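Okay, thanks everyone for coming. I've got one structure to walk through, so let me put it up on the screen.

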Amino acid sequence: MSIRNPSQLVPAVINRCLVFLLAIAALNQPILMPKILRAGEGSFSDNTPQVPVFERDVRPILKAHCFHCHGEAGVTESQLDLRLAKWLIKGGESGQAIIPGNSGLSLLVQKVTDKEMPPDGKSISSEELSIIKKWIDLGAKTARPEPDSIDDSLITDEEKSFWSFQVVNTPELPAVQSVKSIENGLDRFILAQLESRNLTFSPPADRHVLIRRLYFDLIGLPPEPGEVEAFLNDPSANAYTSLIDRLLASPRYGERWGRHWLDVAGYADSEGFTDKDPEREFAFFYRDYVIDIFNQGIAYDQFVIEQLAGDELIQGPLLPLSAGKKRLLKATGFLRMAADGTASSGADRDLATNENIADTIQIVSTALTGLTVGCARCHNHRYDPIRQEDYYRLRAIFEPALDWKKWRTPKQRQISLYSDHDRKQRAEIELKAKAVDDHRIERQKAHIQRTLFEELLVAPDNKRDALQDAFQTSSNNRTAAQKALLEEYPNIQNISNGSLYLYAEQRNRRAKKIESKADTIEQAYLNEVASEHLKKIEPSRLSEVMAALEQTPAKRNAKQKELETEFPGVFVTPTTLSIYSAQGAKEITKYRQAAAECRKQNAKDELANLTNKAAEIRSSAPREYFVRALTEPSNHAPTTFLFKRGNHQSPAQEVPPGDLQILSDVSEINISSNDQSIPTTGRRMAYAKQLTTGKHPLLARVFVNRVWAHHFGIGLVDTPGDFGMLGSRPSHPKLLDWLATEFVESGWNIKGLHRMILTSRTFQQTSARTDSLDQIDPANRLLARMSLRRLESEVIRDSVLQVSGQLVNRLGGSPVPVKEDGVGQIVLGKQKLDGERKPQSGNNLGADAERRSVYIQVRRSRPLGILESFDIATNAPNCNMRIASNVAPQSLMLMNSEFMVGYSKKLASRIEQETSDRQLQFQLATRLCYGRTAQKETLEWLLGLADTQSRRFRESNPKWTEQKIQTETLANVCHALMSANEFIYVD
């Protein structure tokens, strides 16, 4: 969908520039999206009216609405069984249910018309009632004589003949008139139906349309201008096919198509089930496995087998883990994607366990076989021929690994990916760290003793020994007197490993107290020495000596200084004290040194440094990762029981493992309960091999339909997760079978399937619509043209990053975390709360913030806002088909989000680095965003818009420099281009 004139731009941008916003809004033209067909509308088969018969037309209606009370599981309320036509005629307690030939007098019709039946509030539709009336009025015919009795295992011939339960046959290629219009067999099936309605293919799309279409289809990113230029100028006949091969070989291909499969698998990085929604730290290994599978071109049958039974493929003991074993274990993550609340506090463990098993079965059945088997959990399927027993036969396949009676929580199922080399390296590193830990313990003990010593120094002398004994006595052995004594001196009582940091912070206080006591003791010794020597002085000279003592040393006269020399003991000082009292000088030195050491030693910092050093050493060890795998215990084959009404507290009969009974005529369904040749039961392996024989009627059909849907916007069956009665009928049933056959015969080659579809004339058509074609085929189910498709949410975000030059292409690894910001929006970042438990700003992610969207954490309770706006996959429990809504919040997001505004500026910056010429800037912006050159009138419109914006900026921001104005103007234009329909739709 190229923009042929500027009036096709969608409202784009800039809430801060009213003129610009109004201009874009005034020029908006909505895109017409194709109608999505209801179930059954997609088929172009013969619709000639048929005489209604019970088995084909009426029984399915009664089965859906009435059997659960009137016939199923032995329940016949009012003694009325509706499972056979003759039993309707026979009736129950109220008499005949129907009177053949007269619907007006039939009690069944009256009850339904009066809304008395069904009693559950889910009334039979008017269309269904009309069918019942018509059947009665035409004699209540049956397709064949009815048996005298039936049970719940009855599957009618009409149910067996349903299209999706038939073996896949290779149809002959249809003859077509315009042979020159086709590229491969695929085109013949499309063209044959077109020609039957006097239609033909639309012209091929332009090359710039095709390259953009291929890039988005295969790698989910827009092409760079240089890539477009090279393709447009490539004269070789194989330019198109070579481009396909290059894109299929790109690592980006696995990311694009891996995302499609992750939808189907219900991939999530959190457990769900409860509001806490705890994170799944290692779920990403399954994501990376899937991406790798597509990149390596592994055959689809092998992909299926590994996901269902990777652990059972491992030969010999599980450990040590080789690269191959790791890969197989990661594959089983497919069976670990369902919500799992079994480790959540407050959850009903048995309920959570059985819900996890039910969701797993739902994921497996819809993803691989396109059937809603989960609807038979509580009763026979209301619409499809799937018995409740079938559901539990499938459950029995997985029961040995998902045994609800011996359940293993998510952490109990984790398997370490550590190698022997990793363990050896970690052990060596741990020894180094342990040495630091030991040294820290010794230093901690030393700090305890030093702190005790310092506190005892300032304690009363007569209590010091008792306090020391009390402290060093263990708390359990202290006497009452010791406890009382310590309570009297809390500064000693509270010394502990945990409180050392407090004592370190108070060391100045403690040092001052020690010094103060040292001063007191010193003065006492000085007084004592002076007093002793005064006694020795003659009385006649005592007065002059005392006068000299009372004078400060600095103010003493010459005579008084002579007295100092004559009577040194009287004039003793701290410096000379040791001459007269060695013991006193020693004691004072002890106090002074203790105070100095107290100030010097910082236990808090020293111990913290040692802790950090040990942590740093340990951080150098290889991180231990765990794979979220599904494995079976050896020799464990639990019995599976059918649950009455699906209630796990009401087990009924034992059920063996097996596939659906409806498939017994076309596919082997016998699965051994316990394969004695391997340690596990082998049930999942047997089921996987049964699915991938090439004879299963659903596996290949379902997958090729999914691939088709992603290339054309809608599948040949437009309900990819439901190939049953409520699903759509295939629009081209023979083409679907032909594709499935070709796929299997190619060795289940996924990339080969892409090549077949992408090289077809069908895919290469233009998407241009015509009035005549819209009249005949408004939904484009005949595929006389290509359908316009809106990009998925992840592709829109990735495209913004790509064109702005910011996309970080790095394969695999831990998911980019999401968090709730201050206003409740879900954004990228690690959740950090401040002291008031409010989210802190900033994402702290660096380059990870600009990785592809497939690597963003899939948190069930926290979908990223920028992705949620454009219909992100919903895991309930998986997503078989994304919707493509067209709602106002999407425009608001494009206009106002910080994401779009910010990356518009980055795109502007990228362009400014290339050229300063305004016209060239706008041309480059158009080529980056749309893969084409702007047409003259579009360019003139953009230049006019830029002039208006520049003028408004000058008027409203007089302090801005001219360069600032030009940059902001260019950012506005970039914002407009990235918010237009052409950017978010692929033509």
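Tyr930 is buried, because its relative accessibility is 3%, and buried means under 20% relative accessible area with a 1.4 Å probe, protein chains only. Tyr930 belongs to helix H38, residues 918-930; helices here are DSSP runs of H or I, at least four residues, numbered from the N terminus. Tyr985 is 55 residues from Tyr930 in sequence, and their C-alpha atoms are 10.0 Å apart.

Quick word on the source: this is a predicted model, where local features need pLDDT of at least 70, side-chain atom pairs count only at pLDDT 80 or more, and totals for chains, interfaces and linings use all residues. Residues are numbered from 1 along each chain as its sequence is written, and side-chain values use heavy atoms, with hydrogens and water left out.

Staying with H38, what does it meet in H39? Arg918, Gln919, Phe922, Gln923 and Thr926 of H38 meet Leu939, Leu942, Leu943, Ala946, Asp947 and Ser950 of H39, contact being heavy atoms within 4.5 Å. That set splits into five nonpolar, four polar and two charged residues; for the record, Ala, Val, Leu, Ile, Met, Phe, Trp, Tyr, Cys and Pro count as nonpolar, Asp, Glu, Lys and Arg as charged, the others, Gly among them, as polar.

Last stop, Gln890, in helix H36, residues 888-896. Gln890 counts as buried too, because its relative accessibility is 4%. Leaving aside neighbours within four places in sequence, Gln890 is in contact with Arg790, Ser869, Phe870, Asp871 and Ser885.

How values were computed. Helix = DSSP H or I, 4+ residues; strand = E, 2+ residues; numbered from the N terminus. Buried < 20%, exposed > 50% of the residue type's maximum accessible area, 1.4 Å probe, protein only.
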